[in-house]
Amino acid sequence: MTRTRSFRPQRRPSAGSKGASPDLEAIVREAAQSRARRQQGYRARSLEMHGWICGRCAREFEADNLQLLTVHHRDGNHRYNPPDGSNWENLCVDCHEAEHTVEQLADYLSGPDRGDKR
Ligand SMILES: [Zn+2]
Ligand SMILES: [Zn+2]
């Protein structure tokens with residue numbers, strides 16, 4: 001008796017565990033919310049620590065124009081938020097913009113294209 005080759009495909013062990021719930025959307029939404037909350041958190045803390053005043057031009061702010069006072073990260077890393085506030089600097093939007101323009105210029109000047117010989 002010759003056994004016919006029974007060509008059984010191996011059962012995949014993880015078949016049928018498709019939990020297609022729409023939870024991903026909720027997770028994404030919650031992540032965005034918690035990020036916004038965290039940003040709110042450090043901004044409020046930085047304003048509290050450093051005062052409602054621009055660290056560059058010393059412009060002072062009040063509750064009705066406080067949205068123009070932003071928090072700059074000294075090392076450029078928005079995820080580095082030490083509780084002692086050492087990475088934060090309160091800058092008005094003008095100074096903040098200038099700060100980043102300078103950084104971009106510095107990046108540009110020290111960029112990888114600099115090695116051309118004359
Ligand atoms: Zn300023
Ligand atoms: Zn900044």
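Reader: Which residues coordinate the zinc ion (ligand 2)?

Author: This is a predicted model, in which local features need pLDDT of at least 70, side-chain atom pairs count only at pLDDT 80 or more, and totals for chains, interfaces and linings use all residues. Residues are numbered from 1 along each chain as its sequence is written, chains are lettered from A and ligands numbered from 1 in the order in which they are written, and side-chain values use heavy atoms, with hydrogens and water left out. Donors are N, O and S atoms within 2.8 Å of the metal (3.2 Å for Na, K and Ca), and sites may look incomplete because water is not among the atoms. At 2.0 to 2.1 Å, the zinc ion (ligand 2) is coordinated by His72 (ND1), His96 (NE2) and His100 (NE2).

Reader: How are the donor residues of the zinc ion (ligand 2) spaced in sequence, and which parts does the pair of histidine 72 and histidine 100 tie together?

Author: The spacing of the donor residues of the zinc ion (ligand 2) is H-x23-H-x3-H. Helices (H or I, at least four residues) and strands (E, at least two) are DSSP runs, numbered from the N terminus. Histidine 72 and histidine 100 are 28 residues apart in sequence, so the pair ties together strand 1 (residues 69-73) and helix 2 (residues 93-109).

Reader: Is histidine 72 buried or exposed?

Author: Buried means under 20% relative accessible area, exposed over 50%, and partly exposed in between (1.4 Å probe, protein chains only). Histidine 100, at 24% relative accessibility, counts as partly exposed. Histidine 72 has 1% relative accessibility, so the class for histidine 72 is buried.

Reader: With which side chain does histidine 73 make a polar contact?

Author: Histidine 73 also has its place in strand 1, and with a relative accessible area of 0% histidine 73 is buried. Contact means heavy atoms within 4.5 Å; leaving out residues up to four places away in sequence, histidine 73 touches Tyr42, His78, Tyr80, Asn81, Asn87 and Trp88. A polar contact is a pair of N or O atoms within 3.5 Å; within protein, one must be able to donate a hydrogen and the other to accept it, and residues adjacent in sequence count only if both atoms are side-chain atoms. At 2.8 Å, the partner of the histidine 73 side chain is the side chain of asparagine 81.

Reader: Which residues are linked in a network of salt bridges?

Author: A salt bridge is a side-chain nitrogen of Lys or Arg within 4 Å of a carboxyl oxygen of Asp or Glu. Glutamate 89 forms one with arginine 56, the closest N and O atoms being 3.1 Å apart, and glutamate 99 forms one with arginine 56 at 2.3 Å between the closest N and O atoms. Glutamate 99 lies in helix 2 and arginine 56 in the loop between helix 1 and strand 1, so this pair ties together parts 43 residues apart in sequence. The network is made of Arg56, Glu89 and Glu99.

Reader: How many salt bridges does the count come to?

Author: Glutamate 25 forms a salt bridge with arginine 29, with 4.0 Å between the closest N and O atoms. Both lie in helix 1 (residues 23-50), four residues apart, about one turn of the helix. The count comes to three.

Reader: What pattern does the chain follow along the sequence?

Author: The secondary structure comes to two helices and two strands. Read along the sequence, their pattern is α-β-β-α.
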